[in-house]
Amino acid sequence: VYGGLLPSTGGFLNPLRALYILIAVAVFGGGWLARKLRKQPATHSE
Amino acid sequence: LSRVAVLVVPIDNEGEEVAESLISAVCELGKSNVYVVVDNSEDRTLGPLDRVATNILEVARGSKARAVREAVEHFELLNRYDAVVVIDESALILPGFGRFAENDLILPGCSCLWEAEPEDRITLVLARTDGGAPVNIGGLVAEKNGEVDASDGSVCILCPAYNEEPVLDRTLMAAVAEVGFRNVYVANDHSQDCTGHIAGFWTGGNVYTSPQNQGKSRALRGAIDHFALTERYEAIFLLDADTYLSSGHVAALEASLEPDVAFAVGRIESDWVSRNFWVAYRAFVMWMYNALIRTPQNVLNVINVLPGSSVLISSEAARRIEWERASRLVLDDFSMLCDVCYGKLGKIVYLHDTPPANIAEPLTFRAYLKQTYGRWWPGIWQTMRDRRMFTKTDWFSITNNLQVLGWVWSALMPVILLLLYSLLNGTVAVYLIPIMVAWQLAQMYILAGLYAYRKKRHHALILLPLFVAVAYLESVLFTLSFVKSFRLELGGRWESPARVAAVGDERR
């Protein structure tokens, strides 16, 4: 069952796959960004 | 005689470290209470081992878990000691350990004693209980000298097994470490090998044996009824005998159990075997599948593939699953998933960040084809016809159908490209089609690069063209398997890849 919508297989011109990739990018990209922001030291001064 | 024995199970027979571990144990507990199990491979050099230890058992090369069981049984350690501390050469027994163990480790008749701190470097402790069963206290927490809760936990592990002797030790040892031996059960579907014996050792006798070989679903149903699991536990974790759980997998899923959750699935990875193309391919595809399909499906609540090899099922859902219907079909887990989605039994959640469950992959092309073209793919078509999924208009069915059609679409791609080429005028086609193909390959290389970087598997970049070719071949065979699905025998048979016993810890 592994495959289906992966690039190079069912990927061409497949709207469902495009939707899934967008969501995956949002989830992992968002998570990565959130971690980055949390790690950044506070820069404001009193 | 001490109440505690130390069992040294070296990963590597040779080396100074083994001798150091051994000497540290002998200094603390005396020669007669220290046991060593080594494999009988040709390169074994006894050397320091023979000088230091007297209780040495040689076993055939195999998994560490199997070596532990064989040594415990051979030396009758659980009859003669209250606890057995199992270490490998990375551990040293520190001065004072014997006193600590006798005073604090051993509470007679208890199943759950003391959590070994990582710095103690104790890999496993087996302790005798009233029932005479071994207990792994690694990972379990209890008050040092307080009351010990010997009641059922909220989650149990149920492992269906049919002739699983080569892999069962490792699977069950990891399972016991997850939820404690009292909460591990085995549905033995009338195996002809030592499956029942091994299962009894690790679970303290929680083994249901089918009266005759009747298939996975019926064996599971039999065990659930026999042990009244749905009444005693909030959820049941189904674990295939060839699936090795990384520490913390079940606990992470357990934390996600809300009243409206029917199934919880954690991260699945391929049990790594080096220098095997099929494992390399499946590991890469599985990694992409988790990220690009399962994660988005989880967001949209349309998960359509349930890894029957490692899934947490709420007891409420388990009570309402049509086990008999599942047993008639080749893919019992797909049928169970349909029960949840169409019967509105609850949500299916996927947790991407759990420690992985490592599933065994077929090691040869023949075994790979047997699993996929022989069973999985026609099984998908079979279940879809059984549930009339193409006639349904809910989101689960629509997204599942689109995904399946995506494969057919992929199989037809050369035809589609030819059509495009003939329909478009020459100049457009000459540029457009190579751009489309290049765009697909670029995506694959980006993903393969990420995978190679994250998993430190740089071979993926070299093997990628072959991976793409296999993926295309799969889509063609998947499409053809529609015809095969009409000729499928009824389900209920066990179909497992050839079992290969794990050797040491190197397969992790």
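In which loop of chain B is B:His190 found? In this predicted model, B:His190 is placed in the loop that runs between E7 and helix H7 (195-203) of chain B. Although B:His190 is not a glycine, its phi is positive, at about 60°. With a relative accessibility of 33%, B:His190 counts as partly exposed, because that class covers values between 20% and 50%. A positive phi of about 50° is likewise found at B:Lys344, which is not a glycine. B:Lys344 belongs to the loop between helix H14 (332-343) and strand E14 (347-350) of chain B, and its relative accessible area of 66% makes it exposed.

A further positive phi, near 50°, occurs at B:Ala228, which follows H8(B). Helix H8 of chain B spans residues 216-226, and its buried residues are B:Lys216, B:Ser217, B:Ala219, B:Leu220, B:Gly222, B:Ala223 and B:Ile224.

In one of them, the ring centres of B:Tyr185 and B:Phe227 lie 4.8 Å apart with the planes at 50°, so the pair is classed as tilted. This pair links distant parts of the chain, 42 residues apart: B:Tyr185 is in strand E7 (residues 184-188) of chain B, whereas B:Phe227 is in the loop between H8 and helix H9 (229-232) of chain B. B:Tyr185 and B:Phe227 are both buried.

Another pair is formed by B:Tyr281 and B:Tyr368, whose ring centres are 6.2 Å apart and whose planes meet at 70°; the geometry is therefore edge-to-face. Because B:Tyr281 lies in helix H11 (residues 277-300) of chain B and B:Tyr368 in helix H15 (residues 365-386) of chain B, the pair ties together parts that are 87 residues apart in sequence. Both tyrosines, B:Tyr281 and B:Tyr368, are buried.

On the surface, a patch of positive charge brings together residues of chains A and B, namely A:Arg35, A:Lys36, A:Arg38, A:Lys39, B:Arg454 and B:Lys456. Helix H1 of chain A (residues 15-39) supplies the largest share of this patch, with four residues. A:Arg38 is located in helix H1 of chain A and is exposed, its relative accessible area being 65%.

Technical notes:
Residues numbered from 1 in each chain as written. Chains lettered and ligands numbered in written order. Predicted model: local features only at pLDDT ≥ 70, side-chain atom pairs only at ≥ 80, totals over all residues. Heavy atoms only, no water. Patch = residues over 30% accessible without salt bridge, like charges linked within 9 Å, V, L, I, M, F, W, Y side chains within 5 Å. Areas by Shrake-Rupley, 256 points an atom, 1.4 Å probe, with all protein chains shown as cover. Salt bridge = Lys/Arg side-chain N within 4 Å of Asp/Glu carboxyl O. Lys, Arg positive; Asp, Glu negative; His and termini not counted. Charge placed at Lys NZ, Arg CZ, Asp CG, Glu CD. Helix = DSSP H or I, 4+ residues; strand = E, 2+ residues; numbered from the N terminus. Buried < 20%, exposed > 50% of the residue type's maximum accessible area, 1.4 Å probe, protein only. Phe/Tyr/Trp six-rings, centres within 6.5 Å; stacked < 30°, edge-to-face > 60°.
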